[in-house]
Amino acid sequence: MEDRGEEDREYVGNNKLTNTKLDLFSPCKVGRFKLSHRVVLAPLTRCRALNGIPNEALVKYYTQRSTPGGLLITEATFISETAMGFPHCPGIYTHQQVEAWKKVVDSVHAKGSIIFCQLWHVGRASHQGYQPNSVPPISSSNRPISTQWRIPMPDGSFAEYPQPRALTTTEIPGVVEDYRRAALNAIRAEIHAGHGYLIDQFLKDSINDRTDEYGGSLENRCRFLMQVVRAVAGAVGAEQVAVRISPIFDYLDSSDSDPMALGIDIVDRLNKLQAKYVVKETVSKTNEEKEIESQMMLKLREAYEGIFMSTGGYTKETGMEAVAKGEVDLVAYGRFFIANPDLVQRFKVDTPLNQYDRATFYTHDPIVGYTDYPFLDEERNF
């Protein structure tokens, strides 16, 4: 374990390395970033960036949820024109988008928070209606998402996912470059490698049927992710790079025949690249799923040498327990943070939470269900 220096001794990063009793309000060092607590804003698609450009509503939304020494992860953000597949989500590939994001970042930093941008390419989870020149979306293969799923379109309707086009081997470096450029625009980046989106479409063997160096073995299926991570780390530094994975999450037909082996292989590779944190999503519903996921969580936690974050269904109590047991370093909250901009304060004083309104999660109103949830103390506007 490295000597952190006298000024850093109160900041405990990976809690496998200490016998100190920790909870959600213990400070944590993530690379060079010093967090004052371990309650993280999860990346949450909210559909308020009209025409893909962050606006004043986003400035207010993220600023409301900022705390001194807190960590925020932005909503999934498109890295290019071909990355799109959801209405009114922001991008970070044009000058106008980047300048708009600067206003968000400046306001968040003024509150003392750290913010990472989640880089997103949906791959086959798109539609010709989102693609330049109405071409088919790209993926690792030409396997379409089944008809049990529907894609939301810009006009409010829902459509079937079309058959994608498999990227050629020579095209893949261009997509890696899109990630690199987006990371340079963002500076601090979390790479979305889960949920059945483009990177996950290379990782999961239910989708990836390639016979070139990007398909077949675990090494080959992880190749695209590792190329993206290396490119992003080379652009902005490994200490400002994180990766979100969901090896067991079967969303948009993205299952794997051996998710445990896949998850361990990914974190082993990320250890060598020194990505600063990994996010694992919990999604279990049945007792059997919970048991499998619990086993995977512990094995990934044991294998990963950096900061380990988890999200999905945590309460204050279960988050406190997970940190205290050393199962995670950071806990990301979604729905609770949507309805409680002062969630950290509410957790600290053990006050009841506002109830979220699911019907307003993905609407385009800049206020209702977005920035109108009340604070405990409106005058403090914490």
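**How the helices pack**

Modeller: Let's start with helix 1 (residues 56-64) and helix 2 (residues 95-110): their axes come within 9 Å and cross at roughly 25°. This is a predicted model, in which local features need pLDDT of at least 70, side-chain atom pairs count only at pLDDT 80 or more, and totals for chains, interfaces and linings use all residues. Residues are numbered from 1 along each chain as its sequence is written, and side-chain values use heavy atoms, with hydrogens and water left out.

Colleague: Why are helix 1 and helix 2 called roughly parallel?

Modeller: Angles under 35 degrees count as roughly parallel, over 145 as roughly antiparallel, 65 to 115 as roughly perpendicular and the rest as oblique. The angle here is roughly 25°, and therefore helix 1 and helix 2 are roughly parallel to each other.

Colleague: Which residues of helix 1 and helix 2 meet?

Modeller: Glu-56, Leu-58, Val-59, Tyr-62 and Thr-63 in helix 1 meet Trp-101, Lys-103, Val-104, Ser-107 and Val-108 in helix 2, where contact means heavy atoms within 4.5 Å. By class there are 6 nonpolar, 2 polar and 2 charged residues (Ala, Val, Leu, Ile, Met, Phe, Trp, Tyr, Cys and Pro count as nonpolar, Asp, Glu, Lys and Arg as charged, and the others, Gly among them, as polar).

Colleague: What about helix 6 and helix 7: what angle and what distance between their axes?

Modeller: Helix 6 (residues 223-236) and helix 7 (residues 259-273) pack at about 25°, with axes 11 Å apart. That makes helix 6 roughly parallel to helix 7. Leu-225, Met-226, Val-229 and Arg-230 in helix 6 meet Ile-266, Arg-269, Leu-270 and Leu-273 in helix 7. This contact has 6 nonpolar, no polar and 2 charged residues.

Colleague: Why is Val-279 called buried?

Modeller: Buried means under 20% relative accessible area, exposed over 50%, and partly exposed in between (1.4 Å probe, protein chains only). Val-279 has 2%, so Val-279 is buried. Val-279 lies in strand 13 (residues 277-281). Leaving aside neighbours within four places in sequence, Val-279 is in contact with Glu-190, Val-243, Arg-244, Ile-245, Met-309 and Thr-311.

Colleague: Is His-195 buried or exposed?

Modeller: With a relative accessible area of 13%, His-195 is buried. His-195 sits in the loop between strand 11 (189-193) and helix 4 (198-203).

Colleague: What makes the phi of His-195 worth a look?

Modeller: Most residues other than glycine have a negative phi. Phi of His-195 is near 60°, a positive value in a residue other than glycine. Ser-134 also has a positive phi, near 60°, and lies in the loop between strand 6 (114-120) and strand 7 (138-139).

Notes. Axes are lines fitted to C-alpha atoms, for helices over the stretch in contact, and angles run from 0 to 180 degrees between N-to-C directions. Helices (H or I, at least four residues) and strands (E, at least two) are DSSP runs, numbered from the N terminus.
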